[in-house]
Each structure stands twice: as C-alpha cells, then as structure tokens.
Amino acid sequence: MTATLEERPAAEANVGGAAMIDRAEGWRRRGPLLPALIFTIIVTQIPFILTLYYSLQSWNLVRPGSQEFVWFSNYGDVFADSQFRTVALNTVIMTLGSVLIAVVLGLLLALLLNRQFVGRGVVRTLLITPFLITPVAAALLWKTVLLDPTLGLINFVLSPFGLSGTEWISQYPLASVMAALIWQWTPFMMLLLLAGLQSMPTDQLEAARVDGASAWSTFRELTLPHLRRFIELGVVLGTIYLVNIFDQVYMMTQGGPGVASANLPFYIYQRAFLGFDIGQSAAMGVVVVILTLIAANFALRLIFKSFSGEQEAA
Amino acid sequence: MAVTTSTPPDTQEPAAPPEPRRQKRSAANVWLGVIAWVVGIAFFFPVFWMVLTSFKQETDAYTTTPKIIFEPTLEQYEGVFAAGVGPYVVNSVIATVFSTLFVLVLGIPAAFAVSLRPVKKTQDVLFFFISTKMLPVVAVIVPIYVVVNQIGMLDNIWTLVVLYTGMNLPIAVWMMRSFFLEVPGELLEQASIDGAPLWRTLREIVLPIISPGIFATALICVIFAWNEFFFAVNLTAANAGTMPVFLVGFITSEGLYWAQLSAAATLAALPVVIAGWVAQNKLVQGLSFGAVK
Amino acid sequence: MRGAARRRGRGRTPAVLGAVLASLALLAGCSGAGALGAAEGVETVTVAIVSNPQMEDAISLAPQFEAENPGIRLRFVSLSENEARAKITASVATGGGEFDIVMISNYETPQWAQNGWLTNLEPYMAATPGYDRNDFIPTVRDSLSYQGAMYSVPFYGESSFLMYRKDLFEQAGIQMPAQPTWPQIAQIAAQLDQGQGQRRGICLRGKPGWGEVMAPLDTVINTFGGRWYDPQWRAQLTSPEVKQAVQFYVDLVREHGEPGASQAGFSECATQFGQGEVAMWYDATSAAGTVEDPEESTVAGRIGYAPAPVVATPSSGWLYTWSLGIPQTSPRKDAAWRFMSWMTSKEYIQRAGRDPSIGWTSVPPGSRQSTYQIPEYQQVAGQYAPLILDGLQRANPQQPTVQPVPYQGVQFVRIPEFQDLGTRTSQQVSAAIAGQISVDEALEQSQNYAETVGESYQR
C-alpha cells in the first residue's frame, strides 16, 4: 500500500499541470481517449437507445402487425409481475453470494499458496484451471458429471455416508448454480489476492515478526489492510461479471424449477426468445439497467475513491 | 526461506528465529502443503474426470459406479472431428485474436489518456466505461439483432469481433490504466519537454514499462472472448459459429452422449486452459493491476 | 542512436498497420461473401436443423446428396431443440435470411404460413415426379397445411405411447391392458416401485419447457377432460378437470417416478429407462429407436408397448412432427427444395435403412405410410410400428379433449403466445413436482398468465 501511495504525488503534480494547459493542448491530451470512447458509445449506447424505444411499444415478434406505441404500459406489467421480483431477488443472492464466498475461499487459498511447499507451482496450476474452462463446458460438467442424481460423482462420493439420492439440481437449484459459479470464480479471486500478498513489502512483515507479533495479529493489522484494495477489486470485477451470468443458468437449470434459479438475464432472455414479446423484454431490460446503475453508482464511486486514491477536487 | 510470505528466491535468508519455533512452523507448513494439494486436486478433479470420460465408450461413461479403469478409445474425438469442428475453431481464433488486437489498439491510448495525462472528468469517463459492463447484454440483444440484420452482418464473424471488442474494452482500459499509473511521472515530464509526439512517448517510454500488464490484459481478453456464448449463439448460424456454439450443438435433445460431449468440451476448453497455464505468472502480475513490481 | 531508432520506429509502424489492415480487408471480404472457396455456379444451401439422432443421421448421409447434385453444397446448423427454436423463430420473423431451409414443427407451420413467412410447397411437390405427397400420413399432412396447401414437409412424425418392461411385468404377474387407463398405470407403477435408490415405477417428464413436461402433461389434462380455454377464450386452468389431472400427474411422478424428476426430460428418461432404472415410460413414440438400440440400452428386446393411457377420451396420443420449410426470404428456393425433397422422400427411408451405420431401427418414422409397408422395417419394428401409425392416425388436434376448444393442437395450443405461456406454466408444474409449491398454487399462478393471453383473443 505504502509503495503505491508514495508515487501518488508525482501523478497528482501531473493533474495540477493539466488544469493550466490551453484548449488545443486539452484536445491533444484527450485525443487518444476518443477512439475508444466513440467506439464504446456506438457499440453499447445505440442498442440501448433502441431498447428504450422498443420498451414503449407493444410488439410481439411472432404476431406481425402487432407493433403499436403504448407509452409505459409495459413498465406497468413489469412491476405487476410477481415473478420478476422473485427473479430480481435471486439475482442479488446469486451474485453477491457467489462473489463473497469466492472471495473468502480465494483468500484462504491465496494464503495457503503464499507459502513454500513441494509442488506449489503445480497446485496453483491445478487451482486456476476452473477459471479458464469455457463456462458452457463447466456448466455441463456440473450438471452431468457432478450433480446427476444417479450417475453423478458427488452422490457417489456421498453414498458411503448414506446420503445418496439427493437431487441436487431440483432440490437446491440456486445453490447448484452458485456452486458452479463459485468453482469458476474462486481461482480468479485466489490469483488476484495472491498477487496482493506477493506485493506486500517483506520488511514490514519482518519487522512485525522481530517485534514478536502473533501470526493472527500480523494478518489482521498488516496483511488485511494491504489486501483491502485487492479484495475490493475482486468484489467489483466479480460482481460485474456474475450479475450478467447467463451460460450456467441456461445450461444447468433453465431457471427452474419454477423460477427458483432464474436470474434477470435469463428471465429477460426467456421473455425475448420464447415469448418474443419485444416490448416487455425491453422494458425489463431498462428497469434492470436503471437498478444496476443506481447500485453501481453507489458502489463504484465508493470503491473508486479508495482504489484510485485520487481526489476529485485535485 | 521465508516462512510467512514467499519472497523471490534470491532474497536473503532472514535472521533465523529460535530453533524450536522454526521446527513447529515447518511441521505446520508440511500440513498446510498437504491441505493445499488436497484442495488443488479437488478443484481440478471435475476437469480431470471430463478428460477421462472423453476417452471412454458411451457405455463406460454412464455407470452408477464411476469407472476409472476402462479401455481407452479415440472414437469420441474422431466423432467430434467428423462433425466438422474445423470452421468453428477458425472462427473462434479470428474472433479472439482480432477482438483482442482491437481492444489493445483502442485501449492503450485511452488508458494512457486517463492515467498519465488526466483530463477533466477522468473519473466520469472511467465510470462510463465500467458502467457499460453492467448493462445486461440480454437487454440489448434484440436491438443488436435487428441492427445487425439490417446492415446484413448476421452470421458474420466480424460482427462478433466488434461486439467482443466492445465487451472487453472497458475492463481493459480499467486494467491498463492502473499499469500506466505505475510509470514514474518524471519520465513523462522528460518526454514532454523534448516535445516528443504523444505516440512516441507512448511507444518508447511507457510501453516497455507496462508490457507485462498489457500482456496480462490481453490474456484476460482472450479468455473472455474465446469463452463467450451468448452473442455467438444468437448472432451466428452456419458461417460464424464459435467453439461454445459447436459444443452446445453436441447436446442432442434426444439421447445423452456424455463421452462425446466430454470430448467436445475438452476440445473447446483446451486452448484457453493451455494459454492460461503457460502464462499464469503474467496473469498473476496483471491481475494485481500493476501493484506487483 | 535514439534518433535513428525513432525514425526506424516511425517508418515501421504505419507499414505494420497497413499490412494488418490489408489482411483484415481481405479476410472481411472473404467471409463477407459467405462462401469461402465457393466455385462458380455452386449454390450453398444453409439448413437449420434440430440435433436429434435421426437428423444427425441425415447430416451424415448428406455427402451422398452433394455427390449426386454437384451444383449444390450444404451447410448445416445443428442446434438442440430450445436453441434451434429460438434462433429459427427470430430469424424467420425478422426476415434475417440466414437459412434456406428451417426445421420447424406442426406448431409453427400453419401460423407462419398465415404470416406469409413460408413458401407454399405445393407447386414444388407437383413438379417433383415420384415425391408422392399423398403418401404422408393424413393427420401429419393436415397439421402442416394452411388453407389446404402444405408449407412444410414432414421428416418424422411422432405420437405418444407407453413403454414397459415385459420381463418385469411377467415376474410380477401383471398383464398390460390393451388400452390402459391412467388409474391402472398408477396402480402398476406402485406395484413395480422398489423405493428410493432402486428401480422406480415410471418415468414421466418433469423438466420445464412447453416441449418437455407440458407435452405429456397436456395429453393427461386432455384425457381427464381438461382444457386450456373455453370457446370464449376464458382460461380454464383452475377448473376441476385440470386440477385433478395435474394433481394426478404430479402425485404419480413424485410417489413412483424417477429421481431428479423436475429436471428429467426426454433424454434423461431415455437414459433411465435404457439403464433399467424405471419399469415404465410414457413418452414420444420416437423413443423406440433409442431404447431398442442394444448399443445404448440394456433393456433392448425386453420392451412392450401400449397406447397412450386414457381416462375420459377414447384416445390420448399427441401429434408432433419435425418438418422442413423454406423461408420466404431464401433466394435459393429451388436448390433448397432439391435437398428437402431428397431428405423427405421414400428413397431416403430406403437409403437410411440400408446404410450400415444407421439401419432400419433408426429410419425416420411417422412421416410416410409407405414406410410401414417395407418388409425390412416391419421385421425390426413390428412390435411398435403399427402402434405408432395407429396413434398418429387417431390423434385429433381439432378436438383434443372432451369439451370444445377455440384452438388447435393436442399437446400445445397453437397460438404464438403459447411458447411463453406453456413455458411459464411448465415452470410452475415443475416446481410442484420438485415439491416447492402445491399443485393449486402452481395452477393459480398459471391461470393468471393464461388469462392475460386469453384476453388478447377475446377482443
């Protein structure tokens, strides 16, 4: 932490300089940003504007001639849909639950791997593999090889304990999907936190040890504060990806039974590609975007402050 | 060797702590090493099993008591190749390589601009980039489909290249920005005084310093682009399908073929797994967002 | 030094960039044209197909077609049922034009024909000597027609029937009635059920999806006298008949059904029945090919077949067919028809039956009456083939249940909204099978959905 903070003044001096430069210089500095910015606006914002437009229409793709302007009635239907609320709650549980468990497991694994032992490189290689596996393949793996009630490995392993016959995917659908997600994302968190651990200044740890500090207090007072930004980063990145997760739900449970394991992306997909109700699915999409942006605005600003270390006033 | 934290191998042996404590610690270390191995194997086992199953006959693949000993066969792989995996691999490679290149071409200058040469509202720009990642893609798939259809680009691999570039660009800008922040300010001041054009500053001073970070960013982009399924399944048909789409095509609605499915899944996952294994050190470095020197 | 390096750098960068752009343009040009390496005068026909075993067989035989028709090259897009349906519908409805041939069913064909999205195939059939349109099974043919003209041609057709293990019935001294009723089947299922972790009584689908659990369940609802709508489009899902039927189905599968029932669809049941883990299975007639294949099934040769069980209707089998149609947008209709007519011809059946890697058990059934006259087919499929033909001929999409209905279809309601309505309802039923909600709760929720849809037809 200190190492990076010490460099900050140099960067800020730069910021101060930027305030005084003239208009042309400003464009010269902004220039490199523009291609990426324009590209992102075209690719992400134009479809979204169209979504906004569709959300005000009653339009079923498979009933030609059904397209008409209905103002906000689609939004009324969305808020009246009790399943939509269930699914929104599922999304929160699935996202936050998976991210938090993956971070905790990832931290434990990172601490384990931050020690010397025989074959450490091999163990790390084994551990990162789930993150690299194609999600579609990973979901199939969980659904068939691991969780199948009669032929799955998990029930086979549990059978000596008299626990066989559990129908994981029907009885615990949300947990099953989350297990697959956690399996894939724990390695990511572990890698991130391992990098954090390895960036710790060793002299501090040495000093703490010479002072006779216990392992726990060293961990709590030095390691954890140092890891804080890495943990925050892991939570942000994990949340960004997991809130939009589709492949696992689609491949493992199709959102069922009922909507027990459906998340918002899957639910909207069903309205759009099963019901072909373009207006309603667009309205759901807009509601989700607004909700996510409110939550993200709050969370991201908070984390940006601590992560970038920049003060906006500067 | 340091015990509580790993240090680069060339680090000096720290002052030895009192002997008994050291022994206790190393005993604990052995145990923790064993635990690490067990956990590592547990995490890897499903993948191992998938690869193993891919060498089985279908009848060996579905048994209530899992079979470890069986007569291995390449039949399933032959089946996958006979089903014409070739074009899908080519498409995946094109989508992955070109989208990653475009991300770098667009992202490096952008990350440079928002880090070393902050403009007003830098925070807002960054926030905008990252917020685009929060848009649920399902919410925009229908308009994208309609637009792509109207410009005649359905089932065209370059559509996926463009979309994957858009998908990975925000994260890449964000990641690379933190690498740029590691470049000492004086170096740049020096370059500015020389009156060097921007791209030259970038190329000759900054890029060498952050190249590990760029490599790691590229690797992340490769992983996400190779594995992407949603756009691929909805926007491609005969010409532009990628590996995940090929894999899903193997799930037949009438009759399960685990062994063949495992072979297809293994092939789909293999390139990225190997790339990740080979480059795992860079990945760690990259994920630390420049904090590791 | 530095200056030189810079100059060199400056010179190289645009050159590299130029090379990259040039190769990009080249690649884009190639793939933009769509057919890499297509020769002069060769048409590439793109076929969207559902990845069922019979379709995979057809793909494996397609090179023979290409050899006989050098002017046509085929590209297949093979997807599992749900993806295929979503993709094909989106493409055809928006005029996407990615496909020259689409695999659809008797659910889509009449609706899409009415929307003007499909090509009328009558002129093509008339111009194809020996194609013999009248050989198609009449109910199947009618289900693919709009205003008397066929808009898609059947590749295979299926009804539903009951499969059971003859050996187990013999051991237990049970006789399968010639026309079983559902209460009889429930009783037999209880008798043959060995309890959890062992062989169960019956496999019934429970997986959400209008083409999964809803297909067999709809036939049960119909034969119990239930219906989706009355002639005024008032939703009927909370009527006593529907409640009784769904309660029966859910109880049967929960008490004596397969493990993991709420996730079990056709494939899962095929595996369970084929591995001898259930004693009976009520499902599509196309299952016979799978469970009688000794390579995939341990119970081949020990299976008996009975018509779909009934309660208040004389018969209860469904009617479903996977068929091929040409979207209006296709610019290659003649080439498309050449392949379609090849794949749905009498000769194709012969070709598949004689092919050593396919064989007579796996020829596409239920499309042509002449298939049932082929001696080789009668020999391998004599056990169940007459039952399939009979089931298909007796299926009655116009009048699926006891009381009149305003819609057509046995195991579906042939309106565009049904995919969504049926799926939502199936999710509720699946949740009831999983024990998460009661049948009454499931049906009340479903009734709400059905009412919303019904209202748009009352106007």
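**Exercise 1. State which elements the buried residues of α2(C) pack against, and describe this helix.**

Solution. Begin with the packing: the buried residues of α2(C) pack against β1 (43–50), β2 (72–79) and α13 (333–343) of chain C. Here helices (H or I, at least four residues) and strands (E, at least two) are DSSP runs, numbered from the N terminus. This is a predicted model, in which local features need pLDDT of at least 70 and side-chain atom pairs count only at pLDDT 80 or more, while totals for chains, interfaces and linings use all residues. Residues are numbered from 1 along each chain as its sequence is written, and chains are lettered from A and ligands numbered from 1 in the order in which they are written.

Next, find the buried residues themselves: P53(C), M55(C), E56(C) and A58(C) are buried in α2(C). A residue is called buried if 20 or more other C-beta atoms lie within 10 Å of its own, exposed if 12 or fewer, and partly exposed in between, with C-beta atoms placed from the backbone.

Then check the length of the helix. The expected span is 1.5 Å times one less than the number of residues, so the 16 residues of α2 (residues 53–68) of chain C should span 22 Å, and the 24 Å between its end C-alpha atoms agrees with this.

Last, look at the axis: α2(C) bends by about 35° at L61(C), and a proline, P63(C), follows within four residues. The bend at a residue is the angle between axes fitted to the seven residues ending there and the seven starting there.

**Exercise 2. Work out how β3(C) is covered and which strands it is joined to by bridges.**

Solution. Start with the cover: in strand β3 (residues 101–105) of chain C, 5 of its 5 residues are buried.

β1(C) and β3(C) run parallel and are joined by 2 bridges, with I101(C) in β3(C) as the bridge partner of V47(C). β3(C) and β11(C), on the other hand, run antiparallel and are joined by 4 bridges, and here V102(C) has G325(C) of β11(C) as its bridge partner.

**Exercise 3. Find the strand that is joined to β6(C), and say in which direction the two run.**

Solution. First locate β6, which covers residues 153–158 of chain C and has 6 of its 6 residues buried. Then follow the bridges, of which 5 join β6(C) to strand β11 (residues 320–325) of chain C, the two running antiparallel. For one position along this pair, P154(C) stands opposite S323(C) in β11(C).

**Exercise 4. Describe how chain C is divided into domains and how these domains touch.**

Solution. An automatic or database domain assignment supplies the domain bounds, and it divides chain C into domain 1 (43–151 + 320–378) and domain 2 (160–318 + 407–458).

The C-alpha centres of these two domains lie 28 Å apart. Across the boundary, 10 residues of domain 1 of chain C are in contact with 13 residues of domain 2 of chain C, where contact means that the C-beta atoms of two residues, placed from the backbone, lie within 7 Å. On the side of domain 1 that touches domain 2, the elements giving two or more residues are α3 (81–93) and α4 (108–114) of chain C.

**Exercise 5. Describe chain B and its contact with chain C.**

Solution. Take chain B first: it has 13 helices and 0 strands, and 55% of its 293 residues are buried.

Move on to the contact, which takes 32 residues from chain C and 24 residues from chain B. On the chain C side, α1 (2–33), β1, β2, α3 and α11 (266–274) each supply at least two residues, and α1(C) gives the most, with 5 residues. By class, this side of chain C has 10 nonpolar, 16 polar and 6 charged residues. In this count Ala, Val, Leu, Ile, Met, Phe, Trp, Tyr, Cys and Pro are nonpolar, Asp, Glu, Lys and Arg are charged, and the others, Gly among them, are polar.

Note on methods. Two strands pair if DSSP finds at least two bridges between them.
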